[in-house]
Amino acid sequence: MTHDPLSYALRNVPRYTSYPTAPHFHDGVTAETYADWLGAISRDDSLSLYLHVPYCRELCHYCGCHTKATRQDAPLKTYAATLGQEIGLISEHLKEAGPVRHIHWGGGTPSLLPRQSLIDLTDLLRDRFDLSPDLEHAIELDPRLVTEDLAETLAQVGINRSSLGVQDFDPDVQKAIGRVQPYEIVAKATRFLRSAGLNALNFDLMYGLPGQSRDTILDTVDKTLSLAPGRIALFGYAHVPWMRKHQRLIDETALPSAAQRLELADQARAELLNAGYVAIGLDHFARADDSMAIALADGSLKRNFQGYTTDQGEQLVGFGVSSIGKMSRGFIQNMPDVGNWRRSILAGELPVSKGLALSADDRMRGRIIEELMTNYACDLAPVCERYGLSLRDLETALDTLQDLITDGMVALDFGANDNVRVSVTETGRPYVRLAAAAFDAYLAESQATGKARHSAAV
Ligand SMILES: C[S@@+](CC[C@H](N)C(=O)[O-])C[C@H]1O[C@@H](n2cnc3c(N)ncnc32)[C@H](O)[C@@H]1O
Ligand code: SF4
């Protein structure tokens, strides 16, 4: 091996929930651009909707999400009312659109919206969009706030998948990350959701947190298994205090080293596989009968801003501050500040802050990166052909892969019709972001100019 695995793990590369990644969006994409893109959507395009709610009761020290703490209900009520106006505004721009197959409420903590607002907003979505009978309607939940009454409201408005932030069950780790929620709270939340008929559950776990050890992470996985969620996300803690100032509350001296992070990830992964979960991409696990495991098996797994998804929609429309939408023509990001976002909507203007119009080269590389991140392999020739480009456009990328190839992490197979198949080997899987990064045409520039700093590759 020419490189120590640790040197790979320490490399800073994006997580590729999009390509090009968000730091490359720019303000040349405006409300007019967005209006144009929305107007081009036709009845043949199915839609996915993402609604962002940037509020929590308090901030967890580790949190990297776009959210802020509020103890009051008034900002939530106003925010919900503005979201309603944004839904109205966007639907006026959409002359035609096919059915909505996925809705995702993310945050922050979207369930903090007043109950009546949740009911009114979902009624409005039903009124303005054609919600498909097989709609997947998902929400992110903080287990500490899940009551019997909330679970019933969620079921009533048609939510059928919930994702619970669990992170770690160890009391000392919970204290160190500012997120104290004993096992019984998570177990109770799970019971309330299941009793209301919400059986599709996802748990978010994290490794790389202060104070984690082999014993604590195995205990966390075992407690998770005892509650049998269909899906588990195991995120590597991204420590980015230069972007998220409150992460300074995390004691850096208690953070596991890069070698310990690798071990923690391996230990949790082995325990999950041993329990019969199927590993999906970088950081997900699913029971074999879960739709995500089925999507992996039939090659239809996708990756978007929420991570791995079964969502096949070509057009993702975002609502709420900082939300990102993806149209077939490019990416759109909403204004990050609640005041500006609201003023823009009240003035009848789409609250766009920036975006990116996709070139053929972006689409080709985006497709390759998504295939590597989901299926660990990609046939390059058909992808080049689809976007009217040639394998010669990928020469630099193939050169960049050389170290990973020498170290047995990536293999190249030269097949019929001038195809080159890139595959990430079993050993290379934890480093899949590095294989994807070889195809990123923006990375060298952004690393040289410091435009985007990323978290460690593992
Ligand atoms: C919006 S939160 C989930 C819903 C709810 N707010 C909660 O915390 O229970 C989304 C998830 O992102 C993950 N996350 C947050 N900050 C992170 C970070 N810095 N690095 C890695 N994952 C992070 C956590 O696992 C968290 O559950
Ligand atoms: S992890 Fe969830 S509850 Fe904690 S601050 Fe982030 S979004 Fe809010």
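In the predicted model, V410 stands opposite V424, a residue of strand β19. This pair belongs to the region where β18 and β19 (residues 420-424) run antiparallel and are joined by 5 bridges. The two strands form part of an open sheet of 3 strands, whose order is β17-β19-β18 and whose pairing is antiparallel. Because β17 (377-379) and β18 (410-414) each have a single partner strand, they stand at the edges, and one side of each is left without a neighbour in the sheet. On average, and with direction ignored, neighbouring strands of this sheet are turned by 10° against each other. Helix α12, which spans residues 360-375, packs on the sheet and touches β17 and β19, its direction making about 140° with that of β17.

The largest nonpolar core comprises 73 residues, and those with the most contacts inside it are Y34, I103, W105, F129, L154, L193 and F319. Helix α3 (residues 74-93) gives the most to this core, contributing 7 residues. When residues up to four places away in sequence are not counted, Y34 touches I90, V317, G318, M327, I332, L350 and V352.

Note on methods. Residues are numbered from 1 along each chain as its sequence is written. Chains are lettered from A and ligands numbered from 1 in the order in which they are written. This is a predicted model: local features need pLDDT of at least 70, side-chain atom pairs count only at pLDDT 80 or more; totals for chains, interfaces and linings use all residues. Side-chain values use heavy atoms; hydrogens and water are left out. A nonpolar core is a set of buried Ala, Val, Leu, Ile, Met, Phe, Trp, Tyr and Cys residues joined through side-chain atoms within 4.5 Å. Buried means under 20% relative accessible area, exposed over 50%, partly exposed in between (1.4 Å probe, protein chains only). Helices (H or I, at least four residues) and strands (E, at least two) are DSSP runs, numbered from the N terminus. Contact means heavy atoms within 4.5 Å. Two strands pair if DSSP finds at least two bridges between them. Axes are lines fitted to C-alpha atoms, for helices over the stretch in contact, and angles run from 0 to 180 degrees between N-to-C directions.
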